[in-house]
Amino acid sequence: MTSAAAEPEVQIATRPRRSAQLGMLIFALVITVAGFAQVGLARDGSLPAGMYGYGIGLGILAAGAYFVVARFAPYADPLLLPLAVFLNGLGLAMIYRLDLSTSADWKKALQEGKKLSYIGPSTTGQLTWTALAMVFFAVTLFVLKDIKILQRYMYTIGAVGLFFLALPGFLPSSISGALGAKIWIRIGGFSIQPSEFSKLALVAFFAGYLVNKRQSLSIVGKKLGPANLPRARDLGPILVIFVICLGVLALENDFGTAILFFGLFVSMLYVATERFMWVLIGVLLLACACLIAPEIPHVAQRIDTWLDPQAYFDGGCRIGGKIVNQTHWDVCKQKGGVYLADSSQLMFGLFSMGQGGVLGTGLGQGEPWRTPLSYSDFIFTSFGEELGLTGAMVILIVYGLIVQRGMKAALATKDNFAKLFAGGVSFVFALQVFVIVGGVTRLIPLTGLTTPFLAQGGSSLLANWILIAILIRISDTARRPAPQPIQDEGMTQVVRTQ
């Protein structure tokens, strides 16, 4: 007889929380279908015919994603998938609402032979991109069984990310230009935004590089009062990233992407070294960029309209060092000036959120379509008008939950590369939401980033669903129980694997 005290300790495996995940997924779909129904009831007093098709389509995609996660990442955090489906579904409902309000205007403009510089809202197109994004989500989970594989190819991945980031800046404006920035690649009726995929590649590169260099970057150099400065030779990486971001600003006029990537690197550098001095150095470099940025015409326009949007509601013209307000663009060109993009889009967005108040006008009962690009860059103001401050705060809380669950996965994993990777992906979501929401609410100058999952756009959906798949993979690896020793009657140790 062997005493109980002598028996080896057996670890009890935590069962996957599939029922909780399924319940939250169903709740997210119910909210989405209710949004479609509310739009029809508010506009026509009846349920819209398109509600069934779009609701069933999103339901099938969500069910497929659920079974993929249950099969290939059963121990993953149960909240990540439902949160992403919730945001994606809300975005579809709002795009459907805007599509109904503006489709007649777009068809009329096309019939009159007018050339449109950008497409209008399209619910069918967004659902198609959602389906393709969820396919990429499933493929990522199936192929990427171990996140550490990416560490082996970090320099190649980093080079690809930089190539995608810089490519639009070297292409003609007829292919890459739109609304002042050069961030697209358009070939025929197909368009893609390469910087969305650079996020994934550069997060992987930053994580791999910082894991290898974290010890040297943590070494303290000279002391300046109470501050411990890093060694001069260790400043190279942050200066290189700073110069690259300035290059993006100069070549592509893309203020948002430059802020995103520089903020991402500084954040991951702080997580890797646990030294706050790197954050202070990043803030100082950002202050230097603020002195250089006004020399770039497009960025100067954004800053001018941010500081005084009312003065540029109908446009303005910079002639030398003087700004002439309310000047038409062709008159400005004849005088040899630089036309300032009008601030009507920003002002309409602010008016829209002010109209919504605390509780909103109700989905389908406001006029968010009056704001230009209300279905993409300014979709947050559309929610602010029809769902009010309350609905906008719920959306921000959902984004906060995604960031929190990503950070939790980073803390739970024991692998340093996976830890930094998960933290970097979480920072991507946090910074992107801060930059776009801060821009449309006039907290910071307006940028061209998209609101993850909500805004219309195929590149953004593909990239963000892949990022969610990576968080799910890291979470599954971190939460998966270790092999459990089992002792049979003959005292032979057997290892049970999950």
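1. The model is predicted, so local features rest on pLDDT of at least 70 and side-chain atom pairs count only at pLDDT 80 or more, whereas totals for chains, interfaces and linings use all residues. Residues are numbered from 1 along each chain as its sequence is written, and side-chain values use heavy atoms, with hydrogens and water left out.

2. The structure holds 7 salt bridges, a salt bridge being a side-chain nitrogen of Lys or Arg within 4 Å of a carboxyl oxygen of Asp or Glu. One of them joins Glu-386 to Arg-97, with the closest N and O atoms 2.7 Å apart. Because Glu-386 lies in helix H15 (residues 379–386) and Arg-97 in helix H3 (residues 80–111), the pair ties together parts that are 289 residues apart in sequence; helices here are DSSP runs of H or I with at least four residues, numbered from the N terminus. Glu-386 and Arg-97 are both buried, where buried means under 20% relative accessible area, exposed over 50% and partly exposed in between, with a 1.4 Å probe and protein chains only.

3. Lys-199 and Glu-196 also meet through their side chains in a salt bridge, at 2.8 Å from N to O. These two residues are 3 apart in helix H8 (residues 195–217), a separation of about one helical turn, and both Lys-199 and Glu-196 are buried.

4. In the salt bridge between Arg-370 and Glu-367 the N to O distance is 2.7 Å. Arg-370 is partly exposed at a relative accessible area of 45%, and Glu-367 is likewise partly exposed, at 39%. Elsewhere, Arg-473, Asp-476 and Arg-480 are linked in a network of salt bridges.

5. Ala-49 sits in the loop between helix H1 (18–44) and helix H2 (50–72), and its relative accessibility of 71% makes it count as exposed. Between Ala-49 and Ala-37, which are 12 residues apart in sequence, the C-alpha to C-alpha distance is 9.4 Å.

6. The second largest pocket has a volume of about 660 Å³. Its lining comprises 27 residues, and Phe-255, Ile-259, Phe-262, Leu-286 and Cys-290 are the closest to its centre. On a 1 Å grid over the protein atoms alone, a pocket is an open set of points with protein on both sides within 12 Å along at least five of seven lines, and lining residues have an atom within 4 Å of a point; the volume is the space filled by probe spheres set on the points, which are joined across faces, edges and corners.

7. Helices that each supply at least two residues of this lining include H9 (236–252), H10 (255–273) and H17 (416–440). By class, the lining has 24 nonpolar, 3 polar and no charged residues, with Ala, Val, Leu, Ile, Met, Phe, Trp, Tyr, Cys and Pro counted as nonpolar, Asp, Glu, Lys and Arg as charged, and the others, Gly among them, as polar.

Methods. On a 1 Å grid over the protein atoms alone, a cavity is a set of points where a 1.4 Å probe fits but cannot get out, and a pocket is an open set with protein on both sides within 12 Å along at least five of seven lines; lining residues have an atom within 4 Å of a point.
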